[in-house]
Amino acid sequence: MLRLLQPYLVYVAGAAVLFAAFGGWTARDWQCKASEAATLRRVADEKDRMQETINAQSAEYEQEKAAAAATSNARTHTIREVFREVPVDVSCAAPPAVGGVLLDAVEDTNRAISSATR
């Protein structure tokens, strides 16, 4: 009777080893997946914290940008108003000789252009 059971014992023992190996493998796989999920949660939490910091800085930048734009617009409009409304002092005018030099330069340029196109 023992001789009949021996092949079955070998098969049962082999199956037990395979099931144990498969069970260990499965348990290790579960551990790795749990570790991976925990890491992904930590990374997602860190990403959320970083995003909150970036959003706060972005909101502060937009407020500063709006304030700077308002200041810049007021300065530009003030400068335009001053240049339109304030009369120019005569002492700031160019001497008459400068006008003659500029007109001569314009005439020389026009002559050079017309002779170059011919």
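A residue counts as buried when its relative accessible area is under 20%. Keep that cut-off in mind for the first stop.

**Whole chain.** Select everything. This is a predicted model. The chain has 118 residues, and buried residues make up 0% of them. Now show the surface. The chain exposes about 11,000 Å². Carbon and sulfur atoms supply 65% of that area. Switch to cartoon view. You will find 2 helices and 0 strands.

**Salt bridges.** How many salt bridges does a search of the whole structure find? It finds 4. Side chains of opposite charge can pair when their charged atoms come close. The next stops visit some of these pairs.

**Helix α1.** Select residues 2-85, which form helix α1. Inside this helix, pick lysine 33 and aspartate 29. Their side chains meet in a salt bridge, 3.6 Å from N to O. The two residues are 4 apart, about one turn of the helix. Check the surface at aspartate 29. Its relative accessibility is 33%, so aspartate 29 counts as partly exposed.

**Lysine 47 and aspartate 48.** Select this pair next. Their side chains also form a salt bridge, with 3.9 Å from N to O. Aspartate 48 has 40%, so aspartate 48 is partly exposed.

**Helix α2.** Move to residues 96-117, which form helix α2. Select arginine 111 and aspartate 108. They form a salt bridge, and their closest N and O atoms are 3.0 Å apart. Why are they about one helical turn apart? They are separated by that much because they sit 3 residues apart in helix α2. Finish on aspartate 108. At 43% relative accessibility, aspartate 108 is partly exposed.

Terms used
Residues numbered from 1 in each chain as written. Predicted model: local features only at pLDDT ≥ 70, side-chain atom pairs only at ≥ 80, totals over all residues. Heavy atoms only, no water. Buried < 20%, exposed > 50% of the residue type's maximum accessible area, 1.4 Å probe, protein only. Areas by Shrake-Rupley, 256 points an atom, 1.4 Å probe, with all protein chains shown as cover.
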